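My notes follow in the order I looked things up.

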Amino acid sequence: MKVKVSRKAHFNAAHRLYRKDWSFEKNDSIFGKCNNPNFHGHNYELIVSVTGEIDPETGFVIDVKILKDLIKAEVEDSFDHKNLNVEVPEFKELNPTAENIAVVIWQKLRPHIDAANALEVVLYETPRNFVTFSG
């Protein structure tokens, strides 16, 4: 019997969507306002879910306090109130699209989650725009 346990989190971050190897005009035609050279920001909402068997001793799939602390250490402390392009090493050469941010978050969390459990990351860039990555 598998159960999904989820934790919500929040962080604010700035970014610019562009490719260094493209002209400003090409970046502008693909990324529009998101190509602003002065960056722009979002209030990101994050849902991290772990799915697995219930431990018969604890009754947990994962201790939610452990999940909370892991999200804080690996995501919130790294991304909150940061310029993703400038201050977050994972995005020095990777365009910080919502898709790429979700994958990076998953990659940061995966080593800390029991391999027998599935991990899913849902990242809301706006209330209506979100991405999901499950590995």
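**Entry 1: two helices.** I started with the crossing of α2 and α4, and found that α2 passes α4 in a right-handed crossing. This is a predicted model, so I read every value as computed. Helix α2 covers residues 64-79, and helix α4 covers residues 98-109. Their axes come within 10 Å and cross at roughly 140°. That angle makes α2 oblique to α4. The cut-off matters here, because only angles over 145 degrees count as roughly antiparallel.

Which residues of α2 and α4 meet? From α2 I listed Leu 70, Ile 71, Glu 74, Val 75, Ser 78 and Phe 79. From α4 I listed Ile 101, Val 104, Ile 105, Lys 108 and Leu 109. I then sorted the contact by class: eight residues are nonpolar, one is polar and two are charged.

**Entry 2: Ser 78.** Ser 78 is found in helix α2. I left aside its neighbours within four places in sequence. What remains in contact with Ser 78 is Ala 73, Val 88 and Lys 108. I also checked Ser 78 against Pro 89, which is 11 residues away along the chain. Their C-alpha atoms are separated by 9.5 Å.

**Entry 3: the sheet.** Next I traced the strands. In what order do the five strands of the open sheet lie? I read the order as β3-β1-β2-β4-β5, with mixed pairing. The edge strands are β3 (82-83) and β5, and each pairs on one side only.

**Entry 4: around β4.** I followed β4, residues 118-124, on both sides. Strand β2 (residues 40-53) pairs with β4 in the antiparallel sense, over seven bridges. Thr 51 has Ala 118 as its bridge partner in β4. Val 48 stands opposite Val 121 in β4.

How many bridges join β4 to β5? I counted four, and the two strands run antiparallel. Strand β5 spans residues 130-133. The bridge partner of Val 121 in β5 is Phe 133. For Val 122 the partner in β5 is Thr 132. A hairpin of five residues joins β4 to β5.

**Entry 5: helices over strands.** I went back to the helices and asked which strands they cover. Helix α2 lies across β1 (2-15), β2 and β3. It runs at about 20° to β1. Helix α4 lies across β1, β2, β4 and β5. Its angle to β4 is about 145°.

**Entry 6: salt bridges.** Last, I looked for charged pairs. Side chains of opposite charge can pair when their charged atoms come close. The structure holds six salt bridges. I looked up one of them, between Lys 4 and Glu 120. Their closest N and O atoms are 3.4 Å apart. Where does this pair sit in the chain? Lys 4 is in strand β1 and Glu 120 is in strand β4. The pair links distant parts of the chain, 116 residues apart.

Note on methods:
Residues are numbered from 1 along each chain as its sequence is written. This is a predicted model: local features need pLDDT of at least 70, side-chain atom pairs count only at pLDDT 80 or more; totals for chains, interfaces and linings use all residues. Side-chain values use heavy atoms; hydrogens and water are left out. Two strands pair if DSSP finds at least two bridges between them. Axes are lines fitted to C-alpha atoms, for helices over the stretch in contact, and angles run from 0 to 180 degrees between N-to-C directions. Angles under 35 degrees count as roughly parallel, over 145 as roughly antiparallel, 65 to 115 as roughly perpendicular and the rest as oblique. A crossing is left-handed if the near helix is turned anticlockwise from the far one by less than a right angle, and right-handed if clockwise. Contact means heavy atoms within 4.5 Å. Ala, Val, Leu, Ile, Met, Phe, Trp, Tyr, Cys and Pro count as nonpolar, Asp, Glu, Lys and Arg as charged, and the others, Gly among them, as polar. A salt bridge is a side-chain nitrogen of Lys or Arg within 4 Å of a carboxyl oxygen of Asp or Glu.
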